[in-house]
Amino acid sequence: MSFWLRLAGEDNHKATSMIVYDSNVKGFRADVRSNQIESKILKAFKEKTGRGTSASEISSWKNSMLYMSNALDDKEIPEDAGVAIEFMLPRSSKRVDLILTGKNAQKSNSMVIVELKQWEKAEKTDQPKPS
């Protein structure tokens with residue numbers, strides 16, 4: 001299952017953006033449960049970028065994807081919904097952590113972009129809640 005996005009109005013070579021890991025919810029959760037998710041992401045990352053990454057990023061993949069797998073353990077999220085990890089933004093070195101794709105209740109194509117953070121500490125602010 002290949003998950004590629006293309007920007008309108010550009011030639012295919014420049015316009016294609018890459019997803020490092022793609023599966024569906026069922027496959028993603030199986031990869032997490034079998035403790036293979038970080039090695040699968042790393043292997044694909046090396047194949048697609050020609051380089052490795054830091055041990056801290058690999059550890060972050062393992063920890064973050066466990067939390068995402070737990071969050072996706074919901075009967076309202078179809079097992080065939082797409083899961084894409086490490087979407088490389090066009091003309092940038094930036095990446096999106098995780099994208100979920102599928103159909104919404106009206107059967108329209110939908111996408112949820114998830115940017116994961118691993119903060120060691122969070123503090124309460126005095127800012128009022130948005131209304």
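1. Helices here are DSSP runs (H or I) of at least four residues and strands are DSSP runs (E) of at least two, both numbered from the N terminus. In that sense S69 belongs to helix 4, a helix that covers residues 55–71. The model under discussion is a predicted one, and the points below should be read with that in mind.

2. On the overall layout, the protein has four helices and five strands, and, read from the N terminus, these elements follow the order β-α-β-α-α-α-β-β-β. Of its 131 residues, 31% count as buried. The exposed surface comes to about 9400 Å², of which carbon and sulfur atoms supply 51%. When contacts between residues at least 6 apart in sequence are considered, 48% of them join residues at least 24 apart.

3. Strand 3 deserves a point of its own. This strand spans residues 82–88, and seven of its seven residues are buried, so the rest of the structure largely encloses it. Strand 3 pairs with strand 4 (residues 95–103) in the antiparallel sense, and six bridges are found between the two. Within this pairing, V83 has L100 as its bridge partner in strand 4, while the partner of A84 in that strand is I99. The two strands form a hairpin with six residues between them, and in this hairpin R91 takes a positive phi near 55°.

4. Strand 4 also pairs with strand 5 (residues 109–114), again in the antiparallel sense and over six bridges. Here L98 has V114 as its bridge partner in strand 5. This second pairing is likewise a hairpin, with five residues between the strands, and K107 in its turn has a positive phi of about 70°.

5. Which residues have the most contacts inside the largest nonpolar core? They are F28, I37, I41, M65, V83, I85 and L98, in a core that has 22 residues. Strand 2 (16–24), helix 2 (25–33), helix 3, helix 4, strand 3 and strand 4 each supply at least two residues of this core, and helix 3 gives the largest share, namely five residues. As a general background to such a grouping, nonpolar side chains in soluble globular proteins tend to be buried together.

6. Not counting residues up to four places away in sequence, L98 touches M65, M68, V83, A84, I85, V112, I113 and V114.

7. Is S69 buried or exposed? With a relative accessible area of 2%, S69 is buried, because the cut-off for that class is under 20%. Leaving aside neighbours within four places in sequence, S69 is in contact with F28, R29 and V32.

8. Five salt bridges are counted in the model. One of them joins K40 to D31, with the closest N and O atoms 2.9 Å apart. The two partners fall into separate accessibility classes: K40 counts as partly exposed at 35% relative accessibility, whereas D31 is buried, with a relative accessible area of 10%.

9. Another salt bridge forms between the side chains of E47 and K43, at 3.9 Å from N to O. Both residues lie in helix 3 (residues 37–49), four residues apart, which is about one turn of the helix. E47 is exposed, with a relative accessible area of 57%, and K43 also counts as exposed, at 55% relative accessibility.

10. A further salt bridge is the one in which the side chains of R95 and E57 meet, at 3.0 Å from N to O. This pair links distant parts of the chain, R95 being in strand 4 and E57 in helix 4, 38 residues apart. R95 is partly exposed, with a relative accessible area of 23%, while E57 is buried, with a value of 18%.

Methods: Residues numbered from 1 in each chain as written. Predicted model: local features only at pLDDT ≥ 70, side-chain atom pairs only at ≥ 80, totals over all residues. Heavy atoms only, no water. Buried < 20%, exposed > 50% of the residue type's maximum accessible area, 1.4 Å probe, protein only. Pairing = 2+ DSSP bridges. Contact = heavy atoms within 4.5 Å. Areas by Shrake-Rupley, 256 points an atom, 1.4 Å probe, with all protein chains shown as cover. Salt bridge = Lys/Arg side-chain N within 4 Å of Asp/Glu carboxyl O. Core = buried A, V, L, I, M, F, W, Y, C linked by side-chain atoms within 4.5 Å.
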